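Subject: The structure you asked about

Hi,

Here is the structure for you to open alongside this email. Have a look first, and then read on for what turned up.

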Amino acid sequence: MTKEELLQFEGLVVEILPDARYRVELDNGHALVAYTAGRMKKNRIKTLAGDRVTVEVSPYDLEKGRLIFRHKDERAGPTGSRPQRHQFRRR
């Protein structure tokens, strides 16, 4: 017996739920509950409300999914998140 192919969709995180779960609104208008994939937990990738994500969904249950990728925000520039720190000189 072969393993079924998983469906991949892109969507937007609408709400953060308890137990590392998220409510995701897909681009086609469908909403589902997704959890963070182990690879994202291992690499400590944080997901916030409003983030664009890719979700894997089983063809058997279209109400649950797994977050496998968080897309980078196109609006933020390379210096957008942290202020520059001054170098200290020794006297």
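**A buried threonine, and what surrounds it**

Thr47 counts as buried because its relative accessibility is 6%; buried means under 20% relative accessible area, exposed means over 50%, and partly exposed is in between (1.4 Å probe, protein chains only). Before going further, a word on the source: this is a predicted model, where local features need pLDDT of at least 70 and side-chain atom pairs count only at pLDDT 80 or more, while totals for chains, interfaces and linings use all residues. Residues are numbered from 1 along each chain as its sequence is written, and side-chain values use heavy atoms, with hydrogens and water left out.

Back to Thr47: you'll find Thr47 in the loop between α1 (38-42) and β4 (52-57). Helices (H or I, at least four residues) and strands (E, at least two) are DSSP runs, numbered from the N terminus. Leaving out residues up to four places away in sequence, Thr47 touches Val13, Ile16, Tyr22, Met40, Val53, Leu67 and Arg70, where a contact means heavy atoms within 4.5 Å.

**The overall layout**

How do the strands come together? They make a closed barrel of five strands that runs β1-β2-β3-β5-β4, with mixed pairing. From one strand to the next, the twist averages 55 degrees (axes are lines fitted to C-alpha atoms, for helices over the stretch in contact, and angles run from 0 to 180 degrees between N-to-C directions).

Two strands pair if DSSP finds at least two bridges between them. Strand β1 (residues 7-17) pairs with β2 in the antiparallel sense over six bridges, and Leu17 has Arg21 as its bridge partner in β2. These two strands form a hairpin with three residues between them, and Asp19 in the turn has a positive phi of about 60 degrees.

**Strand β4**

Five of its six residues are buried, so β4 is largely enclosed by the rest of the structure. On one pairing, β1 and β4 run antiparallel over six bridges; Glu10 has Thr54 as its bridge partner, and Gly11 stands opposite Val53. β4 also pairs with strand β5 (residues 64-70), again in the antiparallel sense, over four bridges, with Arg70 as the bridge partner of Val53. A hairpin of six residues joins β4 to β5.

**The nonpolar core**

In soluble globular proteins, nonpolar side chains tend to be buried together. Which residues make up the largest nonpolar core here? There are eleven: Val13, Tyr22, Val24, Leu26, Leu32, Ala34, Met40, Val53, Val55, Val57 and Leu67. A nonpolar core is a set of buried Ala, Val, Leu, Ile, Met, Phe, Trp, Tyr and Cys residues joined through side-chain atoms within 4.5 Å.

Leu32, in strand β3, counts as buried at 2% relative accessibility. Its contacts beyond four places in sequence include Tyr22, Val24, Leu26, Val55, Val57 and Gly65. Leu32 and Gly65 are 33 residues apart in sequence, with their C-alpha atoms 7.0 Å apart in space. For Val24, the contacts outside its four-place neighbourhood include Gly11, Val13, Leu32, Ala34, Val53, Val55 and Leu67.

**Whole-chain numbers**

Of the 91 residues in the protein chain, 23% count as buried. Residues 24 or more positions apart account for 53% of the contacts with a separation of 6 or more. The chain exposes about 8,100 Å², with carbon and sulfur atoms supplying 50% of it (accessible areas come from the Shrake-Rupley method with a 1.4 Å probe; for residues, only the protein chains shown count as cover).

Cheers
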